[in-house]
Amino acid sequence: MNDRAKTGKAGEESAAAYLESKGYEVLIRNYRYKHAEIDLIVRKGSFIVFVEVKTRSYSFYGEPEAFVDSRKAATVIRAAEQYTFENKYEGNIRFDIVSVKTGGTNPEIVHFEDAFY
C-alpha cells in the first residue's frame with residue numbers, strides 16, 4: 001500500500017470513529033457500484049447518510065473538503081441511488097463530507113452535514 005492509500009485509509013478509520021462517537025452507526029465501508037465508491041454509509045435516527053471522506057496530511061493546497069467537486073458528488077449520488085434501490089430503502093437520506101487532516105499529532109476532523117445533493 002502506498003503512502004497516499006495509507007493516508008486515505010487512516011482518514012476513513014478516523015472519520016468512522018468520529019461518527020460513531022457522535023452516535024452514528026457505520027453500516028458499510030467502501031461501498032462500490034461500477035466506478036463509484038462511497039467511503040462510509042452510516043445511520044443516525046431516521047437517516048441513512050452517504051459520507052465522502054477527504055483526507056490530507058496538510059492543507060498546503062487547500063482544505064480536504066474543497067476536493068469534493070461536482071463530478072465527485074455526482075458519482076457518490078449515483079452509487080447512493082444504486083444502494084437505495086438494492087436495499088429497497090425509501091427513507092430519508094443525506095450526503096455528508098468528513099474532512100480529515102492527519103498532519104499533526106491528532107487528526108483534525110470537520111463534519112459537513114448536507115454537503116451536497
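A residue is called buried when its relative accessible area is under 20%, exposed when over 50%, and partly exposed in between (1.4 Å probe, protein chains only). By this criterion, Gly-11, Glu-12, Ser-14, Ala-15, Ala-16 and Leu-19 are buried in H1. The model is predicted: local features need pLDDT of at least 70, side-chain atom pairs count only at pLDDT 80 or more, and totals for chains, interfaces and linings use all residues. Residues are numbered from 1 along each chain as its sequence is written, and side-chain values use heavy atoms, with hydrogens and water left out.

**Architecture**
- The protein contains two helices and five strands, where helices (H or I, at least four residues) and strands (E, at least two) are DSSP runs numbered from the N terminus.
- Their order from the N terminus is α-β-β-β-α-β-β.

**Helix H1**
- Helix H1 covers residues 3-21, 19 residues in total, and its first and last C-alpha lie 27 Å apart.
- This span is close to the 27 Å expected at 1.5 Å a residue, the expectation being 1.5 Å times one less than the number of residues.
- The cover over the buried residues of H1 includes strands E1 (25-33), E2 (36-44), E3 (47-56), E4 (92-101) and E5 (108-112).

**Overall dimensions and packing**
- The C-alpha trace spans about 40 × 30 × 25 Å along its principal axes.
- Of the 117 residues in the protein, 37% are buried.
- Among contacts (heavy atoms within 4.5 Å) between residues at least 6 apart in sequence, 51% join residues at least 24 apart.
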